[in-house]
Amino acid sequence: MSKPWYRKTFLWGQVNLTENDPKECDLDFWKDYWKRTGVEGVIINCGGIVSYYRSRFPYQYRALGLGEKDYFGIWNEAARQANLAVIARMDISCTTRDIYDRHPDWYCMDKEGNPILSQERYAACVNGGYYHEFIPQVFREIIESYHPDGFADNSWAGPGMKTICYCENCRRRFREDTGCNLPDGPDWEDSIYRKWIRWSFELRVSNWKLFNEVTTRYGGGDCKWFGMVNADPFSTGGRFYDMRRLLEDAPFIFCDHQSRDRKGGFECNSGNGALLRMISGENVIAAESMAHYYKGERTFRLCAASRQEVRKWMLTGMSGGIAPWFHFVGGGCLDRRKFEISQDLFRWMKENREYLEERTNLAKVGVVWNQETAVYYGREDPDGRGSGAFRGITRSLSKAGIPYLPIHADDIGKYKDRLELLILPGTAIMSEAQEQAVTAWLRQGKDLIVTGDTALYDEEGEWRGPGLLYEELGVEIESKLEGADAKDEDNWMVSDTHNYLEIAQPPHPIFRKLQGTGLLPFGGRIRRTASKGALRGVAAYIPPFPIYPPEFSWIRERPSLAAVYAGTLKSGSRVVYIPADVDRCYAALRIPDQRKLLEGAVRWAGRRALPVTVQAPGHVQCDAYRQEKRILIHLINLAGCEVPLGTLEENLPIGPLCVHLEGDLAGKKAKGLVSKEIWEIERGEAGAVIRIPHLEEHELIVVEEE
């Protein structure tokens with residue numbers, strides 16, 4: 001029995017058509033490009049904000065250059081002749097005034113009853129007839145005329161968290177569902193606003209299900225609507241993506257996370273792949289749109305991106321299990337450099353596809369996340385308070401060459417038998433069930449790292465104090481915060497950010513990479529804590545003191561407040577507890593000493609959690625998998641990649657590298673699918689070692705077990 005398209009289509013392409021393309025685009029060029037790259041599916045603009053097909057709805061806005069052409073039909077036919085899967089790309093966020101004048105009740109309204117506009121278009125309300133009546137008719141029309149394999153839409157979720165719609169539909173439904181009137185405005189201190197946030201998430205889940213019900217009703221069970229999500233669960237633009245509920249058990253994922261951003265590096269895309277796939281099912285195909293246009297501090301849609309910017313993002317995504325998807329804006333060819341960026345990578349992935357699917361991640365370190373922390377605790381600062389600690393931990397793991405799995409807090413029990421070390425990086429909001437899963441973990445003798453404000457806030461993002469987790473750890477915590485926010489200005493005339501950590505002597509093993517110093521730069525915040533159990537303070541907080549003039553820059557107070565704890569519980573669990581938000585500071589400040597502390601905590605607590613690691617003279621992203629009787633190890637060279645957004649121009653080859661594998665490995669040799677090299681596997685008491693003299697862009701190492 002043949003697999004449905006979403007189980008077998010791995011290589012994707014998209015030309016996001018512009019309004020002049022029906023007149024000026026050379027489709028023959030793109031048909032040839034599909035062939036050269038070996039793509040298996042394409043996303044083609046169809047309807048919504050701009051229509052490219054012949055619709056029976058005369059007021060649906062048509063592309064300016066469309067004329068009498070059925071442009072979607074032309075592209076659809078060309079793709080079918082090339083044996084490609086076809087996805088009809090929609091954008092249902094806004095319309096022109098033509099539809100608004102006929103159905104003003106379908107649109108978002110402000111408090112005064114005026115329509116809400118976005119770039120001179122009218123924003124459709126997710127509660128109105130445009131979503132619930134008109135778009136289902138459009139789906140049916142497209143299916144009956146063209147029979148696409150499925151649908152995608154990167155603007156399906158409507159306005160974000162700062163835009164409250166006061167249309168009659170929203171007023172009525174919110175009152176019916178909650179018993180409350182809509183909030184006066186976006187105010188996180190208002191409990192009604194927080195209730196509106198939860199309600200808004202529910203609406204998007206409901207619409208996601210509605211659209212799938214409609215497309216499968218008219219197009220059959222495999223004609224699915226997959227929307228799109230952003231792989232960053234902490235900062236989705238306030239667009240109400242409940243990642244776990246939308247993607248749980250999803251058979252396929254379209255991800256609109258086109259490039260690195262200012263908050264993270266290229267290594268984030270490996271985490272994106274693992275995060276998406278561990279929510280849905282490990283071997284689900286998660287296709288990610290990868291921008292080939294210039295996207296830096298300024299964005300230029302029609303010009304080519306820097307070659308290495310795109311390739312590093314693609315390669316780290318592949319390493320994390322992402323299916324590649326080239327994305328161009330406009331069918332024109334004025335800048336032909338963009339077409340040479342990734343052709344060879346697509347061909348390489350096609351040739352080696354058997355090694356990229358149906359495999360199990362070998363990582364035994366689980367880094368816990370949930371969106372509640374970013375939304376209700378992060379509030380106005382989801383990137384800092386919500387995701388900063390997660391980014392700091394995961395970046396330090398990548399720099400250390402240690403594979404990890406992002407695990408949703410609800411899935412701790414689901415993956416507990418695969419993991420040996422659990423990290424809770426500032427996961428401020430945890431339900432009682434989630435805390436119980438962690439305490440059960442500890443009672444099994446498994447290892448744990450806890451940082452920052454983990455499990456100290458309720459579901460509304462309000463302080464609740466320590467609960468089950470800290471009772472298990474034997475730790476008392478006060479509500480008072482000391483220190484500074486990592487985002488605070490570094491003003492030499494204001495010393496608030498000038499604080500430190502002092503390492504207790506003799507130093508604990510977690511400070512192994514920090515020999516020669518008893519002092520670490522901090523710059524963050526901390527809560528007053530006390531341990532009544534097995535955990536002992538191994539570093540202390542030094543309060544701020546003047547930084548200028550230099551004569552005044554000396555320590556006034558001897559440290560008395562523990563900033564880092566470590567110890568072994570009666571169950572045998574090794575635990576590191578870091579009330580100082582070192583991980584969040586590292587994400588913001590990139591201080592090497594902070595990374596070394598975090599790595600040291602992982603290596604000490606994660607003694608049983610490092611089946612594969614890489615040691616290299618530069619940053620190398622490492623991901624490892626088992627596939628039947630194979631071990632697969634991806635190495636992505638990220639040396640020298642910490643340059644401003646969009647500006648990476650060079651690949652810097654590095655070497656030598658050592659890949660360490662714990663346990664008794666049955667294979668005798670390892671082969672590189674990129675370099676075509678064969679390496680002997682050395683064996684010792686600590687396991688096996690593969691020595692690689694040189695790494696260009698990337699390598700996929702295969703060890704065939706005998």
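## A tour from helix H17 to the cores

The model on screen is a predicted one.

Now select the whole of H17, residues 432-443. The helix has 12 residues, and the distance from its first C-alpha to its last is 16 Å, close to the 16 Å expected at 1.5 Å a residue.

Which residues of H17 are buried? Pick Gln434, Glu435, Val438, Thr439, Trp441 and Leu442. They lie on the same side of H17, because they cover an arc of only 150° around the axis. In general, an α-helix has 3.6 residues a turn, so residues three or four places apart point the same way.

Next, show what the buried residues of H17 pack against. The strands are E16 (405-408), E17 (421-425), E18 (447-451) and E25 (574-578); the helices are H16 (412-415) and H18 (468-473). Then go to Gly445, which follows H17 and has a positive phi, near 85°.

From Leu442, move to Leu473, which is in contact with it. Beyond its neighbours within four places in sequence, Leu473 also touches Leu448, Val450, Leu535, Leu569 and Val575.

Leu473 is, with Trp30 and Phe254, among the residues with the most contacts inside the largest nonpolar core, which has 215 residues. To see the largest share of this core, select helix H8 (residues 191-219), which supplies 10 residues.

Last, select Ala624, Ile654, Val659 and Ile701: they are included in a second, separate core of 22 residues.

Notes:
Residues numbered from 1 in each chain as written. Predicted model: local features only at pLDDT ≥ 70, side-chain atom pairs only at ≥ 80, totals over all residues. Heavy atoms only, no water. Core = buried A, V, L, I, M, F, W, Y, C linked by side-chain atoms within 4.5 Å. Buried < 20%, exposed > 50% of the residue type's maximum accessible area, 1.4 Å probe, protein only. Helix = DSSP H or I, 4+ residues; strand = E, 2+ residues; numbered from the N terminus. Contact = heavy atoms within 4.5 Å. Expected span 1.5 Å × (residues − 1). Arc of directions from axis to C-beta.
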